[in-house]
Amino acid sequence: MVLVVFVIMLLNVEEEERRPLRLQTLVPIAIALAAVFFAETAFIIFFVQKSPATPTGGASDVGLTSSIGSGLFTTYLLPFEITSILLLMAVVGAMTLARRGGLIGANIGVVPGYQSIARDVLEPKATPDLSPVEARTSREAEALLGVSDAPHVRKKED
Amino acid sequence: MVPQLSWYLALSAVLFTIGVVGVMIKRNVISMFMCIELMLNAVNLTFVAFSSFFRDVTGQLFVFIVMTVAAAEAAVGLGIIISIFRNRESLDVDDASTLKL
């Protein structure tokens, strides 16, 4: 959850515009199903009081750190190790995914945030002038260079 | 009044349903992501409730593993979200429907 909050901060999400709700025809069915569901829940809470009682007596070891640890390191040792490998793979994968990759050319990308890049780096045959391109995003760089119809530029509208 | 097992199961069902409905209705990637986390936590609640009811520690071990998988999923999923936002500059899943027929 903390990670989610950090990402929301990072992405500076603006106020989303209200768009018409999709699946408009399913709304009555959804309301009916919700009514059935809440009736079922109320039935469980108010009428099924006679669920079998929790077995009492004797000191329970459920919830103790020692019992969890002994279970985790004896019976469930293989899942424990597999989760460690899974976490390692997730860390490597997240770093790979979040790394800044190429967007415009094969070697260069303009990621959000102001930066100035030499013209011939972005587009080898763009213009003869040598003033650098200052852009905030890839789209701005494309508009400045006028290369939005170049074949190697990714289309964003499709 | 001591909470019964069925109360925990009802709460878990409610949480899971909120998660499912959120995934189906919301169009924002981060909202859908948080709804998936909600579903995982509802299942965790069921595990813990049954573990406490049957006096068996296995359910809590499963909760450990589920939480680990949820952490891995959060890391990779948020990496994918950052990547999508860099490419499309939007968090709407309808904008990322290139693979749709």
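Student: What pattern does chain A follow, read along the sequence?
Tutor: Chain A runs α-α-α-α-β-α-β-α. Keep in mind that this is a predicted model.

Student: Okay, how many helices and strands is that for chain A?
Tutor: The tally for chain A is 6 helices and 2 strands.

Student: Switching to the interface. How many residues of chain B are in contact with chain A?
Tutor: On the chain B side there are 43, and they are in contact with 40 residues of chain A.

Student: Which elements of chain B give two or more residues to that side?
Tutor: Those are α1 (5–25), α2 (29–54) and α3 (58–88) of chain B. The largest share is from α3(B), with 22 residues.

Student: What's the make-up by class on that side of chain B?
Tutor: The side of chain B that touches chain A has 25 nonpolar residues, along with 13 polar and 5 charged ones.

Student: New topic: where does Arg55(B) sit?
Tutor: Arg55(B) is in the loop that links α2 and α3 of chain B. Its phi is near 55 degrees, which is a positive value in a residue other than glycine.

Student: Why does Arg55(B) count as partly exposed?
Tutor: Because Arg55(B) has 14 C-beta neighbours inside 10 Å. A residue needs 20 or more to be buried and 12 or fewer to be exposed, with partly exposed in between.

Notes:
Residues are numbered from 1 along each chain as its sequence is written. Chains are lettered from A and ligands numbered from 1 in the order in which they are written. This is a predicted model: local features need pLDDT of at least 70, side-chain atom pairs count only at pLDDT 80 or more; totals for chains, interfaces and linings use all residues. Two residues are in contact if their C-beta atoms, placed from the backbone, lie within 7 Å. Helices (H or I, at least four residues) and strands (E, at least two) are DSSP runs, numbered from the N terminus. Ala, Val, Leu, Ile, Met, Phe, Trp, Tyr, Cys and Pro count as nonpolar, Asp, Glu, Lys and Arg as charged, and the others, Gly among them, as polar.
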